[in-house]
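Please look at the sequence and the structure first.

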Amino acid sequence: MKPKILKKRDSARFLDKLLREYEVFAPVKREDLVVFGRIHSGKEAFLDYMNSKMPPKEMLFPQLEILFTYTSIDDPSKIETPPSAGKPRLLFGTRPCDARNSLLLDKVFDGEQYKDTYYRDRRAPLVVVGIGCIQPCPTCFCTSVGGGPFSREGLDILLIDIGDDYVAQVVSDRGKKLLERRGLEDAGADKLSLVKKVIRDAEASMTSEVKIDGLAEKLAEIYDDPIWGLLTEKCLNCGVCTYLCPTCHCFDIVDEARDSGGKRIRIWDTCQFPLFTLQASGANPRPTNKERLRQRFMHKFKYFLDNYGQIGCVGCGRCVRECPVNVDIRQVLTVLSNRLEVAP
Amino acid sequence: MRNPYLPLPMRIERVVVETDDRNIKTFSLSFFHEEDEANFTYIPGQFAELSVLGEGEAPFGMASSPTQPGRLEFTVSKAGVVTTALHNMEPGEIIGIRGPLGNGYPIETFKGKNIVIIGGGFGFSTLRALTNYMLDSHHRNSFGDISIFYGARSPGLLLYKDELQEWGRRKDLGLYLTVDRGDNGWKGRVGVVPAIAKEVAPSAENAYALVCGPPIMIKFTLPVVHELGFPPERVLLSMEMKMKCGLGMCGRCNIGHKYVCRDGPVFTLAQLNQLPQEY
Amino acid sequence: MPDRSERIREAARTLLRKNEVELVIGFEGGTLPLHSTPCFIRKEGEVDRLVWNSFCDNNVSKYLVKRQERIALVTKGCDSRTVVELIKEKQLSREQVIIIGVPCQGLIDRRRIEGKREAREILGAEEKDNQVVLKGAGWTDVLDRDKYLHSSCQACTHRNPVIYDILVGEGVEEDTGDSFSDIAEFGTKSPQERWNYFSHEVDKCIRCYACRNACPLCYCGECFVDRTRPQWIGKTTEISDTMIFHLMRAFHMAGRCVDCGACERACPMGIDFRKLTRKLVHDVKELYGYESGTSLDEVAPLATFQPDDPEEFILSP
Amino acid sequence: MGPESNHWEPKIIAFLCNWCSYAGADLAGVSRIQYPSNLRVIRVPCSGRINPFFIVASLQHGVDGVLVSGCHPGDCHYLSGNYSARRKFALLKSLLEFVGIEEGRVQFGWVSAAEGGRFAEVIARVTETVRTLGPAEKLVKR
């Protein structure tokens, strides 16, 4: 299918049409924050944004999810799972980096041995329309981690902003189905050459670079290096970096009972909290900042790679921007990469 | 496709208080539904998540052997919220179960080999399951000599006392019980498990050493099995980390890139030597 | 304020050289425009990393607790007040810390600047006299720094450190007093309006605990949110849980909070915590005449009482 | 039970100190003084024992009103428990009302062991106030 033209001034109307078929989630402005939320009118979508405060990870892995409810705590045979969603869902306007998270989350939640039914139920029908980044942020480093401002991975359609119009490139059959018969005209040669220019300019403007080659081996070498203690000294051990991360997938499972009934829920959890690994006996294999921050880096850049052949970072830069004490993942990785091997 | 988070109902049939401090109990459970029981095929060393609705879930190794049909047992030490709730439950009450989970002991590779079991305290439960599996009349001939070193802090803290007596009477099994500190009634060995293992010095030839116990015991046992000549590939440990999902997803029980719940809990020492010492 | 950076370095250099401290905690340049970041200096040769500017907005007294070594701390007015509280709460001995006091002219709220720029990315920022010069791709902007101070800095009445061993630079003029007009004004809204406001605020909460962890006075071994027996509140992001979390976190700060604003700055979601904490700062001052962190001798208001304390709130049938 | 039900009755938790208010309640009982029966009483050693979490947790679990009652100032069995509590309660009540919890949901009183009548009056007053406010909605976890 040839790339189509979606005029910016028509985009709200275009979304209105899609709203008849889909539950649509798009970036919206809430005071100073840009977040992803369900929209009920195309006008609500705020597409001229840098990136959202939170990634749209919750489309696949919500912070709070009910696993099941029960009406009697005495009888596990009477548990009920929440009903599945009605209309298919459309995620509109996500950034390519954030869309790549599904490739990683798929490996975790839809693995060979175990399949997470909740994740699959959300993931399978989700249609994803991304908007390429014509103006990457200084904190973006997607190109260092296998992505790019116009990466198509995890997308069904990629929109490219060429000024007054978006050029819509079809990535998947599902994307094709969405674009078909919408009365959008094909993009002409002039528009397509603009696309090329926009892409070239954006890629050239990427300033941030992180060395990933050989990093996993280096991390294994310097696992016991005292540098970890120094790098983590200012870390507050809050959950900002992990809760704002598109790929972090750790969670906790808890019961919430009221009177005789209740529910079992899963909620995000993070390796940065001491409680995460604290055993009932009182033992904690990751007792301090040092072990916990090291776990975050090891998980993303070594363990994920060891287990699933990919690193667990899409380079969105949220942890860089939002860390209250400016622990900058790029700087830490650079220090680690340049670290000489320590004698065991 | 089955939702791996949904617990199946089980009824508590029997509760045995194992230790004189009453902090460890063994629960015998039976399935509500026959098909659930048929689907629950496990091997020693695997574990399951037990649910007390309203309180939560916690992982426990199966303390019984699949060779003992109709009997599914878990030994529970009272420590946190779920275990306390379990301890307050009585026969007839219903709990949930998810499993079996984890890899379990590589029983096939044990065939024709001598087995040296070294266990301490509460960590003995899955070794007990394995022992009962090997002692089963259909299986006993598949294995060589079996030696069991098992200890607790005091005689009153030894688990499965009746069974230990029964094992003690068997000729096809070397049982070496010990306590850190004896009491008036105790006529057996006094000393820590690694010291007894060193003294008895079971041969490492054609043998596997299986170690499970508190961290301090493991720390002192590993040099002993090394001295006895067990190569790291033939030393197996069952690891314990905080777990939630049991499916390798929730991210907390990893040792390096291995998830104890999914890739373990049983690892060879050779495997562990390749991983960070973060446990 | 380049001279302040230099004087901080001098002080740090001397202290490390004379072995009076093993560690200097201060600020260094951050990796992003408008950012400085906490830094830990142990060697004389590293003191040149230390800087002072309007972006040094972390409360570094956070790092004093549970340390053994002798420390020199670069301390603004608000940081010095939390140091006072930490000493009073016996988390720190006065002898353990050498306070390098920095009279503060208020710190810049980068989120407000970033918010103004919308989709224009700031690539560099520089401070000159009383101005902040922003640079982007093909644009430059000059802002009046005083217009972009953190709200906590605008309300600050203790810009000069309340205790110090070394003072860096001249003292600055203090504001006469905090009128708490924001709290009074908010109090005139109806209960439902107030509830709606706070519900909206805490609805943004993602339970990352950056507010708690950034607070220098949050040092409990086990936080109430982490308790399991009894479990006081749920771990969810439902409003009931987040509201109680923020209420009780603020309440735990009653008579301790110095309104440094660290919680609000740490929050990635921009929750208005200071509305809560300032309410308590206000009440404690009004009811018990206590201002946190201003005196080493005064007893904490919730550790004492007066027989004639106000009790209009007590029910009389 | 919601307000739509005709039979809604407020649920009120009363934390009563062992030495004064609980004894006052007892006296009201043996003196056969009538007071509303919406109360669930929790006896505590002293009003100083009240962890503010007792109060917010009660609200989260869906009670419609909370009363904390202790000895009159100067009469504390432990000399100063109620004085310390008074400061804590003053701040807590003010904070809760500041965020919009209705005035009257959480109340504090002094009732001595000899004041059976006063106890009944306090309960009547609290119950009436809470009844006027209607069922608690805010802070309740669904």
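In this predicted model, 43 residues of chain B are in contact with 47 residues of chain A. Between them, chain B and chain A bury about 3,700 Å², and carbon and sulfur atoms give 57% of this area. On the side of chain B, the residues that lose the most area to chain A are B:Leu53, B:Met249 and B:Glu278, which together make up 21% of what that side buries.

Chain A also touches chain C. Here 40 residues of chain A are in contact with 38 residues of chain C. The area buried between chain A and chain C is about 3,200 Å², with 56% of it on carbon and sulfur atoms. A:Glu233, A:Leu236 and A:Asn326 supply 17% of the area that chain A buries against chain C, more than any other three residues.

The table lists the values for the two interfaces.

| Interface | Residues in contact | Buried area | Salt bridges | Residue pairs in polar contact |
|---|---|---|---|---|
| Chain B and chain A | 43 residues of chain B, 47 residues of chain A | about 3,700 Å² | 6 salt bridges | 24 residue pairs |
| Chain A and chain C | 40 residues of chain A, 38 residues of chain C | about 3,200 Å² | 5 salt bridges | 15 residue pairs |

**Chain B against chain A**

Across the interface of chain B and chain A there are 6 salt bridges. In one salt bridge B:Arg252 is joined with A:Asp252, and the closest N and O atoms are 3.9 Å apart. Polar contact, counted where both residues have pLDDT 80 or more, links 24 residue pairs between chain B and chain A. Three strands of chain B, β3 (47-52), β4 (56-61) and β6 (94-101), each supply at least two residues of the side that touches chain A. The largest share of that side, 4 residues, comes from β6(B). Sorted by class, the side of chain B that touches chain A has 21 nonpolar, 13 polar and 9 charged residues.

Strand β6 of chain B also holds B:Pro100. The peptide bond from B:Gly99 to B:Pro100 is cis, with omega near -5°.

**Chain A against chain C**

Which side chain of chain C meets A:Glu233 in a salt bridge? The partner is C:Arg42, at 2.6 Å from N to O. In total, 5 salt bridges are counted between chain A and chain C, and 15 residue pairs are in polar contact, both residues being at pLDDT 80 or more. On the side of chain A that touches chain C, the elements giving two or more residues are α9 (240-243), β10 (251-258), β11 (261-268), α11 (318-322) and α12 (329-337) of chain A. By class, this side of chain A has 20 nonpolar, 7 polar and 13 charged residues.

**A sheet in chain B**

Chain B has an open sheet of 7 strands, in the order β10-β9-β8-β7-β11-β12-β15, with mixed pairing. At its edges stand β10 (189-190) and β15 (266-268) of chain B; each has a single partner strand, so one side of each is left without a neighbour in the sheet. The pairing of β15(B) with strand β12 (residues 235-238) of chain B is antiparallel and covers 3 bridges. One bridge partner in β15(B) is B:Val266, which pairs with B:Ser238.

Two helices of chain B lie across strands of this chain. Helix α5 (residues 161-169) of chain B lies across β8 (146-152) and β9 (174-179) of chain B, and runs at about 135° to β9(B). Helix α6 (residues 193-200) of chain B lies across β7 (114-120), β8, β9 and β10 of chain B, and its angle to β8(B) is about 150°.

Two loops of chain B have backbone features of their own. In the loop between β8 and α5 of chain B is B:Tyr160, which has a positive phi of about 50° although it is not a glycine. In the loop between α8 (260-263) and β15 of chain B is B:Pro265, and a cis peptide bond, with omega about 5°, joins B:Gly264 and B:Pro265.

**A sheet in chain C**

In chain C, 3 strands form an open sheet in the order β5-β6-β7, with antiparallel pairing. Why do β5 (122-128) and β7 (139-144) of chain C each have one side without a neighbour in the sheet? Both stand at the edges, each with a single partner strand, so one side of each is left without a neighbour. On average, neighbouring strands of this sheet are turned by 20° against each other, direction ignored. Strand β6 (residues 131-136) of chain C runs antiparallel to β5(C), and 6 bridges join the two. C:Lys128 has C:Gln131 as its bridge partner in β6(C).

Technical notes
Residues are numbered from 1 along each chain as its sequence is written. Chains are lettered from A and ligands numbered from 1 in the order in which they are written. This is a predicted model: local features need pLDDT of at least 70, side-chain atom pairs count only at pLDDT 80 or more; totals for chains, interfaces and linings use all residues. Side-chain values use heavy atoms; hydrogens and water are left out. Contact means heavy atoms within 4.5 Å. Buried area is the accessible area (1.4 Å probe) that two parts lose on being put together, summed over both. A salt bridge is a side-chain nitrogen of Lys or Arg within 4 Å of a carboxyl oxygen of Asp or Glu. A polar contact is a pair of N or O atoms within 3.5 Å; within protein, one must be able to donate a hydrogen and the other to accept it, and residues adjacent in sequence count only if both atoms are side-chain atoms. Ala, Val, Leu, Ile, Met, Phe, Trp, Tyr, Cys and Pro count as nonpolar, Asp, Glu, Lys and Arg as charged, and the others, Gly among them, as polar. Two strands pair if DSSP finds at least two bridges between them. Axes are lines fitted to C-alpha atoms, for helices over the stretch in contact, and angles run from 0 to 180 degrees between N-to-C directions.
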